[in-house]
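Reader: Hi! Could you walk me through this model, starting with how the inside is packed?
Author: Happy to, here it is.

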Amino acid sequence: MIMEKEVFERLLVEFNENNVRANNLRDFILKNEEFAELDNLNKDLLIAQLKAMEAYLSVLSIRIGLNAPQNVD
């Protein structure tokens with residue numbers, strides 16, 4: 001089944017928006033002094049959130065690859 005162009009484009013937007021969010025969270029965890037001041041539970045939860053976001057991005061990436069429009073010349 002071929003994905004409609006509008007659906008595929010929304011998939012790309014979803015990937016890009018979530019990729020920015022994941023990168024921002026990764027930067028917060030690795031570079032922001034405020035992260036170091038959090039209690040261990042919140043640190044663990046933010047790390048778990050980042051892992052979940054990365055897993056979601058991986059699924060989106062696979063879906064994008066599987067449904068990318070094919071140029072037939």
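**Core, shape and a few residues**

Author: The largest nonpolar core has eight residues: Ala-22, Leu-25, Ile-29, Phe-35, Leu-46, Leu-50, Met-53 and Leu-57. A nonpolar core here is a set of buried Ala, Val, Leu, Ile, Met, Phe, Trp, Tyr and Cys residues joined through side-chain atoms within 4.5 Å. Buried means under 20% relative accessible area, exposed means over 50%, and partly exposed is in between (1.4 Å probe, protein chains only).

Reader: Which elements give two or more residues to this core?
Author: They are α1 (5-31) and α3 (40-67). The most comes from α3, with four residues. Helices (H or I, at least four residues) and strands (E, at least two) are DSSP runs, numbered from the N terminus.

Reader: Before I go on, what should I know about the model itself?
Author: This is a predicted model, where local features need pLDDT of at least 70 and side-chain atom pairs count only at pLDDT 80 or more, while totals for chains, interfaces and linings use all residues. Residues are numbered from 1 along each chain as its sequence is written, and side-chain values use heavy atoms, with hydrogens and water left out.

Reader: Good to know. What is Ala-22 in contact with, leaving aside its neighbours within four places in sequence?
Author: Ala-22 is in contact with Leu-50, Met-53 and Leu-57. Contact means heavy atoms within 4.5 Å.

Reader: And which residues does the second, separate core include?
Author: That core has five residues, among them Met-3, Phe-8, Leu-60 and Ile-64.

Reader: Let's stay with Met-3. Where is its place, and what does it touch beyond four places in sequence?
Author: Met-3 is in the segment before α1. Not counting residues up to four places away in sequence, Met-3 touches Phe-8, Leu-11, Arg-63 and Asn-67. With 19% relative accessibility, Met-3 counts as buried.

Reader: What share of the 73 residues is buried?
Author: Buried residues make up 21%.

Reader: Now Asn-24, where does it lie?
Author: Asn-24 lies in helix α1 and is partly exposed, with a relative accessible area of 49%. Asn-24 and Leu-50 are 26 residues apart in sequence and 9.8 Å apart in space, C-alpha to C-alpha.

Reader: And Leu-12, how far is it from Lys-43?
Author: Leu-12 and Lys-43 are 30 Å apart in space, C-alpha to C-alpha, and 31 residues apart in sequence. Leu-12 is in helix α1 and is partly exposed at 31% relative accessible area.
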